[in-house]
Amino acid sequence: MNYSTIINKKKINIELNKEEVEWIVNSFVDGSLPDYQMSSFLMVIWFNGMTENELINFTNAMVNSGITYDLSDLKGPFADKHSTGGVGDKTSLIYGPLVAYFGVKVSKLSGRGLGQTGGTIDKLESCTGWTENISQEKFKEVLNKVGLSIMGQSDDVVPADKKIYLLRDVTGSVDSIPLIASSIMSKKLVIPADSIELDVKVGSGAFMKNIEDAQELAKVMIKIGKAHNRKVSVMITNMDKPLGKAIGNALEVKEAWDTLHGNGPDDLNELCITAASISLVSNHIFNDLETAKKEVTEVLKSGKAAHILKDFIEAQNGDFSKIIDYDKHFITKYKIEIRSENEGYLKFKSAESLGYLSMHLGAGRAKKEDKIDFSAGIYLTKTIGQFVKKDDLIMTLYTNIDNKNGFINLAKQLIIIDSKPSSQETIIKLID
Ligand code: URA
């Protein structure tokens with residue numbers, strides 16, 4: 001087997017066989033295939049896509065690059081959920097406790113922020129001490145005790161995705177349907193959950209910019225799931241606006257905590273209630289979505305499931321007191337208020353640009369070695385479609401970086417005041 005034969009075949013769209021696909025993945029993981037050759041392989045996939053066989057073989061090779069989990073000695077059922085990535089998307093932190101509250105264990109492998117999007121692992125690390133790096137035994141212990149455990153990729157668990165994900169982020173090959181599908185599904189297939197729920201985001205803040213691509217990504221991931229006899233459901237959701245009001249790591253954990261006490265913004269409530277209800281119906285806790293939504297809404301409003309977020313973070317060594325006592329622990333050098341200069345209906349230039357602003361404030365990585373500032377980010381006091389008067393507070397920026405005027409200019413450029421309200425739905429489509 002050699003690289004030039006494989007890349008030359010793929011360049012002219014000749015299907016790669018199982019051995020060739022496995023060779024690429026395994027050689028990259030063991031270090032014998034250098035980054036520059038893998039980068040060019042990823043770019044050829046970006047341009048030419050993958051056939052169904054290639055995609056299934058590529059995903060399987062990623063799963064088999066590490067260990068797979070065995071949950072057979074624990075009492076289920078088990079649910080898993082994954083989002084394709086968005087701005088302000090802290091759904092998993094609310095979905096997890098809600099589903100676990102009803103006795104369905106949420107066992108999940110999550111990722112870090114990519115581009116303008118945030119990542120669950122980065123958010124959880126704002127609770128000092130919380131670790132993604134846990135053994136299979138510890139993962140199962142937390143799952144059994146709390147009903148929710150989240151871990152990250154490691155050298156043992158889907159190492160291929162860990163390495164490929166980092167390379168894609170810096171080589172312009174993130175927004176490729178087969179690469180996103182294999183990355184997400186490889187992380188889902190290592191854990192034998194009874195149901196997998198995928199939140200495919202579409203819009204300016206997502207990797208899929210239009211509904212056709214989002215539906216294609218959903219179709220491809222369902223196909224991979226079917227090949228493994230997994231129950232997969234998909235929600236296609238709007239990422240033309242950020243989800244909720246908080247963008248940034250600790251800010252988002254705090255918003256998740258508030259939401260779990262019944263004080264969340266409407267769009268976040270709707271998404272979390274729907275996502276949790278789908279998983280509860282899939283796992284036969286409720287017979288239909290309407291009943292499930294009613295019960296889940298009641299639990300969300302009552303705050304009864306909130307302790308599960310705290311218990312899970314503490315069980316994985318995180319200091320949750322920092323979130324409870326937020327203002328004492330997450331202090332930034334600059335707290336910049338951005339106010340409206342006009343009167344009318346609020347719009348933002350794009351969710352993507354808010355994601356990048358948050359990244360520049362210190363909440364994300366421009367380069368893979370950048371360190372995240374957990375206290376940095378944006379809090380939106382007003383949301384899209386709301387009427388604002390001159391001087392109304394629209395957003396507050398939190399940062400430790402000395403660029404106050406630059407950030408003010410950047411933020412002001414993102415605000416559009418319109419004469420008509422723009423309505424933006426949260427959930428666009430459910431696919432079973
Ligand atoms: N989330 C993932 O896990 N992988 C991707 O490629 C994109 C989003």
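Where does the ligand sit? In this predicted model, the ligand is found in the largest cavity.

**The ligand and its shell**
- The residues around the ligand are His82, Thr84, Tyr165, Arg168, Ile180, Ser183, Ile184 and Lys187.
- Sorted by class, that shell comes out as 3 nonpolar, 3 polar and 2 charged residues.
- Two helices, helix 8 (159-171) and helix 9 (177-189), each bring at least two residues to the shell.

**Polar contacts and burial**
- Lysine 187 puts a polar side-chain atom 2.6 Å from an oxygen atom of the ligand.
- For arginine 168, the distance from a polar side-chain atom to a ligand oxygen is 2.8 Å.
- Histidine 82 has a polar side-chain atom 3.2 Å from an oxygen of the ligand.
- On its own the ligand would expose 240 Å², and the protein buries 97% of that.

- Strand 8 (residues 344-348) pairs with strand 12 in the antiparallel sense over 4 bridges.
- If you want a spot to check by eye, leucine 346 has isoleucine 417 in strand 12 as its bridge partner.

Technical notes: Residues are numbered from 1 along each chain as its sequence is written. This is a predicted model: local features need pLDDT of at least 70, side-chain atom pairs count only at pLDDT 80 or more; totals for chains, interfaces and linings use all residues. Side-chain values use heavy atoms; hydrogens and water are left out. Two strands pair if DSSP finds at least two bridges between them. A residue is near a molecule or strand if one of its heavy atoms lies within 4 Å of it. A polar contact is a pair of N or O atoms within 3.5 Å; within protein, one must be able to donate a hydrogen and the other to accept it, and residues adjacent in sequence count only if both atoms are side-chain atoms. Accessible areas come from the Shrake-Rupley method with a 1.4 Å probe; for residues, only the protein chains shown count as cover. On a 1 Å grid over the protein atoms alone, a cavity is a set of points where a 1.4 Å probe fits but cannot get out, and a pocket is an open set with protein on both sides within 12 Å along at least five of seven lines; lining residues have an atom within 4 Å of a point. A molecule sits in a cavity or pocket if more than half of its atoms lie within 2 Å of its grid points. Ala, Val, Leu, Ile, Met, Phe, Trp, Tyr, Cys and Pro count as nonpolar, Asp, Glu, Lys and Arg as charged, and the others, Gly among them, as polar.
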